Amino acid sequence: MAEEETELSDKQKKEIAKWFLLNAPAGEIQYVAKDLKFVLNNDDVYDEAASEAFPVYNKSHMICLEMPGRFGDVLVTSYGELQGNEYLDPKTAQVAIVDHVKQVCTEVRPATDEELSTPYVEEYRCALEAEMLKYVGEAYPKGSCSVYCINGKDVEGPGYDFELVAVISAARLSPQNFCTGSWQSIWNIECKDDIQVLELKGKLQVGAHYFEEGNVQLDAKHECRDSTMFQSPDDSAIAIASLIRHHETEYLASLEASYLNLPDATFKDLRRKLPVTRTLFPWHSTSQFNLTREISKELGIGNFESLQLFFACLYPLFGVQVVE
Amino acid sequence: MEAAMGLMRRMPPRHSETALSALLSLLPHNSSDLLSQVDLPLQVLSDDDSGKRFILCEYNRDADSYRSPWSNKYHPRLEDAPYPSSKLRQLEIEANDIFTVYCDQYYEGGISSVYMWEDDNEGFVACFLVKKDGSKTGQGRRGYLEEGTWDAIHVIEVGPEEETTRYCLTSTVMLSLTTDDVSSGTFSLSGSIRRQMNMNLPVADGHLCNMGKMIEEMEGKLRNSLDQACLLLSSLELPLHVYFGKTREMVCTLRPPSEVLPMRLPDS
């Protein structure tokens, strides 16, 4: 174990540093960065790692940043990513310029026509955005939502397919209570003109972290599909938002069930609450235990199972109370 | 060191081995501190002499060999290796036998090992280890878990033998579980928690009895804090200051269950 380690190259150090940054739980990358800087003790390596890892982290966690100038918030996602550090906010038709490492939006500029979708697609996108904002406002205390057009932005009218994606990102960070949590949903909506169908594909992801006197992390994922009729922009939007609401509510219920199942069913395969005998272990009778071992040896019931049985019969005699 | 432990507290527990080896390579001079402070999932070796498996840890290691509690031999073989005194070895043998029964009753399987060694202050230290694979393919009788392990490490420092002897217990449980089904997707929980408990107990009851009771109580507490959390689910307003409860509370405050919201179906 105490072998002489050869000094790591800066490139190796940078890769390790990136690994730590990218594995930070939701909302904790700045804390990880602070500790990492200390451990690395090399600002150049750190800066390089940070400049590569932060954009990836910010996009995969879909962080929400405030835009200057009362434009509200922008979500940093790969769907809204333009060139450089520019992210489209379709809601306000603004482009946010983001400082990834500081996790702030430094500037905004109006989006150009090429960056936005055609009026035909925009009508669908906009109607869905309105429905989604309503839903997210009701269902998530601190949720943000964006609807992007990711395919067929230039479709001018009926006869062609296009694809929208609706994302929801919610995070609750309370580092002072040693916990953080996040929820993400990504809903791809393919608008298939030829068969007049809207196909939905949802990816839901939940994470939570508790780190006082320990480190406990929850990670849950779910995927689902559904479809509905391609209708007018408003009717399509209402139908899609209802489906999303339905699937997310169902998923939340099943998450609840997973939690409720933990104590009785799930954990039981790891450790029981009480021994199979339903009484506390008879530590006081360990001298008897040795005795029974001797007896069982003499009786030739050497195999473990019979010893167990033998034991189970003896427990009531020890007078250990049942604590259930 | 503090920063390194800070990083360990935030990295996914599932990747603790990767995180540790990364830290070891960045901080080669702190390797012994890191290795002693970071708990990793327990490893197991097979003892050919007894046909039983035993758990590896720092406390039965010398160089690259590990002492089996069953045969008292080092694997692989090692010259001039340290052994507990014969009196302590006797207690160790007894502890291993009893702890095997204890584990069978609580864990319905799993592997256990107990190691003891003399310390510098006329007392001794005992380390009780449990490793349970509760997955469908392992020893999970009910088959709920796609993957599920429970590793427990209990280290008890026993003070010099007096009428009432001081026992200091430090317990760590490392847990990891995944359930997977079509309707609810994958659900995975992993982590480690560590707690301490100190007691002065009459030596007349016997060391094994005293240590065993403390471990049983501690395991119960750790197990209960998991349960408690889950039972408190229904009332989200309650502050759930229990370990596993926290993570759950976080999820539900992100998105309160929406029974309150009437379902709106598409107008047909």
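## Domains of chain A

Let's start with a distance: the centres of domain 1 and domain 3 of chain A, taken over C-alpha atoms, are 31 Å apart. This is a predicted model, where local features need pLDDT of at least 70, side-chain atom pairs count only at pLDDT 80 or more, and totals for chains, interfaces and linings use all residues. Residues are numbered from 1 along each chain as its sequence is written, while chains are lettered from A and ligands numbered from 1 in the order in which they are written.

Chain A splits into domain 1 (1-60), domain 2 (63-116), domain 3 (118-237) and domain 4 (272-324), with bounds from an automatic or database domain assignment. Five residues of domain 1 of chain A are in contact with nine residues of domain 3 of chain A (contact: C-beta atoms, placed from the backbone, lie within 7 Å).

## Where the chains meet

What does the meeting of the two chains look like in numbers? On the chain B side, 81 residues are in contact with 79 residues of chain A. The largest share of that chain B side comes from α5(B), with 11 residues (helices are DSSP runs of H or I, at least four residues, and strands are runs of E, at least two, numbered from the N terminus). Sorted by class, the chain B side has 41 nonpolar, 22 polar and 18 charged residues. Here Ala, Val, Leu, Ile, Met, Phe, Trp, Tyr, Cys and Pro count as nonpolar, Asp, Glu, Lys and Arg as charged, and the others, Gly among them, as polar.

## A hairpin in chain B

Within chain B, β1 (residues 43-47) and β2 (residues 52-56) run antiparallel and are joined by five bridges. B:Val44 stands opposite B:Ile55. Four residues lie between the strands of this hairpin, and B:Gly51 takes a positive phi near 70 degrees.

## Nonpolar cores

A nonpolar core is a set of buried Ala, Val, Leu, Ile, Met, Phe, Trp, Tyr and Cys residues joined through C-beta atoms within 7 Å; buried means 20 or more other C-beta atoms within 10 Å of the residue's own, with C-beta atoms placed from the backbone. The largest core has 111 residues, and those touching the most other members include A:Leu128 and B:Ala126. Helix α5 of chain A (residues 233-266) gives the most to this core, 12 residues.

A second, separate core has 28 residues, including A:Val39 and B:Leu7.

Definitions and conventions. Contact = placed C-beta atoms within 7 Å. Pairing = 2+ DSSP bridges. Buried ≥ 20, exposed ≤ 12 C-beta atoms within 10 Å, placed from the backbone.
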